Each structure stands twice: as structure tokens, then as C-alpha cells.
Amino acid sequence: MHFSIYLLYGNSHLTTVVTEPVATTHALKADIAVVLILYSDNRREKRIRKRGDFINIYDVSKRAGVSIATVSRVLNGNPNVSDKTRTRVLAVMDELGYTPNVFARGLGLGTIQTIGIMCSDSSDPYLAHAIYYLEQGLRINGYGSILCCTGASLETKHQYFNLLLSKKVDAIIVIGSKFIELQPQDNSFIIDASAGLPIMLVNGYLEAPNIYCTLCDDRMAMFSAADLLIESGCRNILYLFTSHSQSGLNKMHGYRDALAGHGLPMREEYICHCTKDVLDARDRIAGLHEKGMIFDAVLASDDTLAVGAVKYAHATGLRIPDDLSIIGYNNTCYSICTDPEITSVDSRVEALCATTIHTLMGVFNGDNVPTRTTITADLIKRATTKF
């Protein structure tokens, strides 16, 4: 039995998924998309739609009145679906002409066994560790990966998302909440993509069908760190942060919550934005001191900034932690590269990534999986705090 499936995307670009022997492909023109399936008995079905008008798994679930997970179970042959539901879903797929990537499994063709991974900056220690743990977990489960590093530009993020979609990856994993924009319309490209394949967010949250989020409770983690500083006698806590991302805002809320819980004033001048750079953090703290600001602790949203605080203390002769307590965030290698070593919040990136992979494999198997999983951070106490 010979199968050939031709999928046209864009101007004269033909993607082919075949079994042996390979049939001859034909260049097709751009304003329409053609899906051509040849069967062994020479029956032929041709569906022509306007570009962008493909049916996706969300359309099938909506028409059939079932969840996306149920459609996935039907596609994977999962026995935990009633015959009545299976028949209804298959009928809707036939009615709509739905031929997803995972349908190739039913034809014995297999998927490309590849997952897209997106991050903003692979040189960042936290993101680098996340990439390592994700790639390792995918490899153990028989999947390869394609990594895209986008930088901060929304346009570039959008372009790389489309690139991964064009490669027909089986899912996309997005690392970090910097991909979740504050304006809802700027997240539409992620939500649109989730209609056709699972989207996994590592420490980011976006609510939409077929999007699965694994988060560290950054707000509670920062609240606990600030609370311990206050309990140890600190009253003038300088807060340094690098980003207004979803995670960044949650951390800041935790800091504010702790001050409010102890009845301490919320002074906006004690919240300072820095670039993620050791020397910039050092110089920003020194500049605030020169303006007459008094502080007895530095709470940083990233270990890089905490290193800058240690450098500032050394340069000004302050004793750590007697004169200045310091807490960093993410428990990266930066936290143990200073003297003294830095107390840091461990956001448990390995656990975040392992949970993400476990959830993704569950989605592929058609299992019931949570759309949101929250992990509690740990505080690693070292020599820059008095508790």
C-alpha cells in the first residue's frame, strides 16, 4: 500500500510526508493550499481551501462537543474513549476534512518526533539550565528538539514561532514569562498556534485551550525572602529587578506583600530597575547611596544583581551581612562565585522542566493532564543573610 501526502504552505513550497516508494512531487502555486492523498485502490480525495483556512484540532473539538484532550485520545487510539464519542469525533474529522500531524501515526507514518523550544537568551544561566533539562527530558522520551533564541522583540518572537510551525514540530515549549505580553492581543499568535499543537509554558501563564503551564510561585517565594529579612531586623530593603514580565511583576508583588504584612511603608524609590549586569547593579546601588538613600538589605530578582550588591558592599567597606544583607534569585552559579556566597531563592528549574516534559507526554498519550501546575521555590541560605 502506497501513501503520499502533500501539504502546500506559502509560495511554491511543498512539504511531503510519505511511505516508500516516494511518489513524484509537483510544484503548486501559492494562493491555494492542496492536500492530496493517494490510496492503494487509486481512490483520490482533493481538498482545496483558501490559504490559512485549515481545520485544526480546536475546530474538531468544538464541532464534536468534546475537549481537545478527547480528540487527542481518539487520534492516539486511546481505549479510554467510549465508542459513541469516538464515532462522533471521527465523523466530525471526516466532515471537516481534518488531517493533523498526529494523524500520520494512524497511517503508520510517525511524527517527526521533534519539539520546538523557544527562549529569549540562551546565555542567561537560568534559561541555559532550562534548555539543558528540557532537551535531556525530550531525548529520554525519544524526541529531538529545535532551539530558537528570540531576544526581546515581539516581532522576532512571532517570526520564530512561525518558523517552528513551518517545521511541523509536534509541540512548542516556551521558556520564561517574557513571552507573555501585558497586552492580550500581543499573545494572539501563541493562542492561534495552540489550536493546532500543544504549547507548553515554563514559568509563564496564558489561559487558552491546549496551552499547559508549569510555574514557580514567584510571588510567594519573594514574599518569604522579604519576610525573613524583616524578621532578621532589616527595615530599609532595596528591591532590584530586571523585568516587568509576568514573573517579574509577581516577584515585585511578593516584596510589596511582605512590607505591607509588617506594616512597613511602601517607598517607590526603594524599587530600582537594573539591566541584568553585575556592574550596572553595583553602580545603581552606589548612585542611590550617593543620593542619601539608607538601606540595610538588598533583595534582588536575579542573582546577577545580587553579585552587584556584594561588589558594592566590598567597595564601600560594608560588612555582609552585619551592615548589608543580600538575597538573590534563581540559585545560579553566580550565587556561589562570590565571597561571601549569596543566599538565593531556588526557583527549581529542573523540577519545572521535568514536570513540563511529563505533562507533554501525557498530552501526546491523550491522558487527563492539568493545564496549570505550580511548584514551590526553596530558599538556599548562605552567608549574606543573618537568619
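Predicted model: local features only at pLDDT ≥ 70, side-chain atom pairs only at ≥ 80, totals over all residues.
Residues are numbered from 1 along each chain as its sequence is written, and side-chain values use heavy atoms, with hydrogens and water left out. The strands β10 and β11 run parallel and are joined by three bridges; strands (E, at least two residues) and helices (H or I, at least four) are DSSP runs numbered from the N terminus, and two strands pair if DSSP finds at least two bridges between them. From β10 the chain crosses through α9 to β11, and this β-α-β crossover is right-handed, a term that applies if, with the strands pointing away from the viewer, the path from the first strand over the helix to the second runs clockwise.

Strand β10 also runs parallel to β12, to which four bridges join it, and the bridge partner of L238 in β12 is V298. Five of the five residues of β10 are buried, where buried means under 20% relative accessible area, exposed over 50%, and partly exposed in between, with a 1.4 Å probe and protein chains only. I237, Y239 and F241 point one way from the strand, whereas L238 and L240 point the other way.

## Helix α9

Helix α9 covers residues 246-261, and its 16 residues reach 22 Å from the first C-alpha to the last, close to the 22 Å expected at 1.5 Å a residue; the expected span is 1.5 Å times one less than the number of residues. The buried residues of α9 are S247, G248, K251, M252, G254, Y255, A258 and L259. They cover an arc of only 150° around the axis, which puts them on the same side of α9, the arc being that of the directions from the helix axis to the C-beta atoms. On the other side of α9, A260 and G261 are exposed.

The buried residues of α9 pack against α8 (218-231), β10 (237-241), β11 (271-273), β12 (297-300) and β13 (325-329), with contact taken as heavy atoms within 4.5 Å. After α9 comes G263, whose phi is positive, near 70°. E268 is found in the loop between α9 and β11, and at 45% relative accessibility E268 counts as partly exposed. Although E268 and Y239 are 29 residues apart along the chain, their C-alpha atoms are separated by 9.6 Å.

## Cysteines

With a disulfide defined as a pair of cysteine sulfur atoms within 2.5 Å, the count comes to zero disulfides. For C274, the closest cysteine sulfur is that of C272, at 4.2 Å, which is too far for a bond. C274 is buried at 1% relative accessibility, and C213 is also buried, at 2%.

## The loop at S120

S120 has its place in the loop between β5 (114-119) and α5 (125-140), and S120 is buried, with a relative accessible area of 14%. Not counting residues up to four places away in sequence, S120 touches L127, C149, T150, G151, K178 and F179.

## The protein as a whole

The protein has twelve helices and 16 strands, and of its 387 residues 48% count as buried. Among contacts between residues at least 6 apart in sequence, 67% join residues at least 24 apart.
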